Amino acid sequence: MISFEFTDIQEQVRETARKFAKEEIAPSVIERDINAIFPAEILKKLGEIGFLGMTASPQWGGSGLDTISYTLAMMEISKVDASVGIVVSVQNSLVNWILEKYGNDAQREKYLTPLASGEKLGAYCLSEPDSGSDARDQKTIAQKVGNKWILNGTKNWISTGQNADIYIVFAQTNPELKHKGIAAFIIEKGTPGFEPGLKEDKMGMRSSDTCSIGLTNVEVPEENLISEVGQGFYIAMRGLSGGRIGIASQAVGIAEGAMEASLKYAQERKAFGMPIAELQAIQMKLAQMIMKIDAAKLLVFKAAYMRDSGIDHSRESSEAKLFATTIANEITREAVQIHGGYGYVREYHVERMMRDAKVTEIYEGTSEIQHIVIARELLKNYPL
Ligand SMILES: Cc1cc2nc3c(=O)[nH]c(=O)nc-3n(C[C@H](O)[C@H](O)[C@H](O)COP(=O)(O)OP(=O)(O)OC[C@H]3O[C@@H](n4cnc5c(N)ncnc54)[C@H](O)[C@@H]3O)c2cc1C
């Protein structure tokens, strides 16, 4: 049976997120973008209403919601400010999920509980200066010395890198084993030798904080190894498979924000004696926008449904991410066009949305990598 209706809980989550975004996130969004201010206060409040542990189980401080509820919250938040969206996405889909799924009870108690209850922020550290799409090629090295691991290397582009408290860090334990030598570790902020660098000066998502992290002889207790040595790459990829649903939702949110701004503007702005919304050329743009958003949502909800049902969703989450991020870039560009000159200045929001949309095609696997994942899964299911 297919239902196109949300449950009462899903509707409540969407309404709560919508109200929160309007009242708490919207008023300062332009200032935070211009001055690249991290939304610490907003995140504290999101933590208090359970949005930093949405899908984590209540046993570990989470809200115990389903993935569809999470996608709805991500859409509503990102519609207003995608920079807040990225922090929420990394925390929920990558950090919390990995700890709940692959951590042991002691790790869940010590690390997941404060994250899911919103007291602490998390970061996911896979990319390196020379290892992005090819994440198997980890240059950060972990050596076992007694009952500790010693980590050395550099992580790059880490979202919430300066403001996080708990970091999941991937590192190579034996280069000869290639990706089968990678392990995942939990590192706490303030650990000697673990040093977040300067915040990147980005094109978009400016109020999220992205930085590199240097690791110099960082001592990690052996109890902070997640699962087993050799499982790190698998854990990283499984995390991204769900993370892509979060980024797809973020992209849908950005696209919807741009469409709503365009609908309003097109009915207010007059040219040739009539609102530009009455011009067919503008109507075609608006029609394309809503059609693409509707299609992207269906892909997102399908992937989320499959995740909740325990069905492998590698292809579906890549499809959702690829499609939603592509249309978010198309729609934000058209939104600027509909706004004419006003679209090119900050006050009307759509130029920020256009800048923010770009990175959704890059992080958590570029669009090129999503094509590869989709084709690989497709070929796997149609052997000769
Ligand atoms: C704002 C921001 C936040 C980020 N947050 C995080 C984070 O929190 N944690 C984290 O670990 N990482 C994070 N990243 C890193 C991000 O995931 C990588 O930038 C991304 O995976 C691409 O890696 P790269 O930049 O090294 O590009 P490369 O891998 O060098 O790719 C360069 C180009 O080559 C293409 N390419 C590469 N391989 C192939 C192939 N096989 N076939 C076709 N084309 C290919 C790519 O698609 C791309 O167009 C973030 C990045 C940004 C910009």
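User: By class, which residues make up the shell around the ligand?

Analyst: In this predicted model, the shell around the ligand has 11 nonpolar, 7 polar and 3 charged residues.

User: How many residues surround the ligand, and which are the closest?

Analyst: The ligand is surrounded by 21 residues, and the closest of them are S127, G132, S133, S159 and T366. The elements that give two or more residues to this shell are β1 (122–125), β3 (148–159) and α11 (367–381), and β3 gives the most, with 3 residues.

User: Where does the ligand lie relative to the domains?

Analyst: The ligand lies between domain 2 (123–230) and domain 3 (237–381), because both of these domains give residues to the shell around it.

User: How many residues of domain 1 are in contact with domain 2?

Analyst: There are 22 residues of domain 1 in contact with 18 residues of domain 2. On the domain 1 side, the elements that give two or more residues are α2 (29–35), α5 (82–102) and α6 (105–116), with the largest share, 9 residues, coming from α5. By class, that side of domain 1 has 16 nonpolar, 3 polar and 3 charged residues.

User: Staying with α5, is I86 buried or exposed?

Analyst: I86, whose place is in helix α5, is buried, with 28 other C-beta atoms within 10 Å. Leaving aside its neighbours within four places in sequence, I86 is in contact with S159, M205, S208 and Q250. The C-alpha atoms of I86 and D209 are separated by 9.7 Å, although these two residues are 123 residues apart along the chain.

User: Switching to the helices, how many residues does α7 have, and what does it reach from its first C-alpha to its last?

Analyst: Helix α7 (residues 232–268) has 37 residues and reaches 53 Å from its first C-alpha to its last, which is close to the 54 Å expected at 1.5 Å a residue. There is also a kink of about 30° in α7, and this kink is centred on G242.

User: Why is α7 said to be largely enclosed?

Analyst: Of the 37 residues of α7, 29 are buried, so the helix is largely enclosed by the rest of the structure.

User: What about α8, which of its residues are buried?

Analyst: The buried residues in α8 include I282, M289, K292, I293 and A296, and also F301 and R307. What covers the buried residues of α8 includes α4 (67–80), α7 and α9. The 29 residues of α8 (residues 280–308) should span 42 Å at 1.5 Å a residue, and this agrees with its end C-alpha atoms, which are 42 Å apart. After α8 comes G310, whose phi is positive, near 75°.

User: And how many residues of α9 are buried?

Analyst: In α9, 20 of the 25 residues are buried, and the helix is mostly covered. The end C-alpha atoms of α9 (residues 314–338) are 36 Å apart, in agreement with the 36 Å that its 25 residues should span at 1.5 Å a residue. G340 follows α9 and has a positive phi, near 55°.

User: Where is Y348, and what is it in contact with?

Analyst: Y348 is in the loop between α9 and α10 (350–360), and it is buried, with 21 other C-beta atoms within 10 Å. Leaving aside its neighbours within four places in sequence, Y348 is in contact with A261, H339, Y342 and G343.

Key. Residues numbered from 1 in each chain as written. Predicted model: local features only at pLDDT ≥ 70, side-chain atom pairs only at ≥ 80, totals over all residues. Near = placed C-beta within 6 Å. Helix = DSSP H or I, 4+ residues; strand = E, 2+ residues; numbered from the N terminus. Nonpolar A, V, L, I, M, F, W, Y, C, P; charged D, E, K, R; others polar. Domains from an automatic or database assignment. Expected span 1.5 Å × (residues − 1). Bend = angle between axes of the 7 residues up to and from the residue. Buried ≥ 20, exposed ≤ 12 C-beta atoms within 10 Å, placed from the backbone. Contact = placed C-beta atoms within 7 Å.
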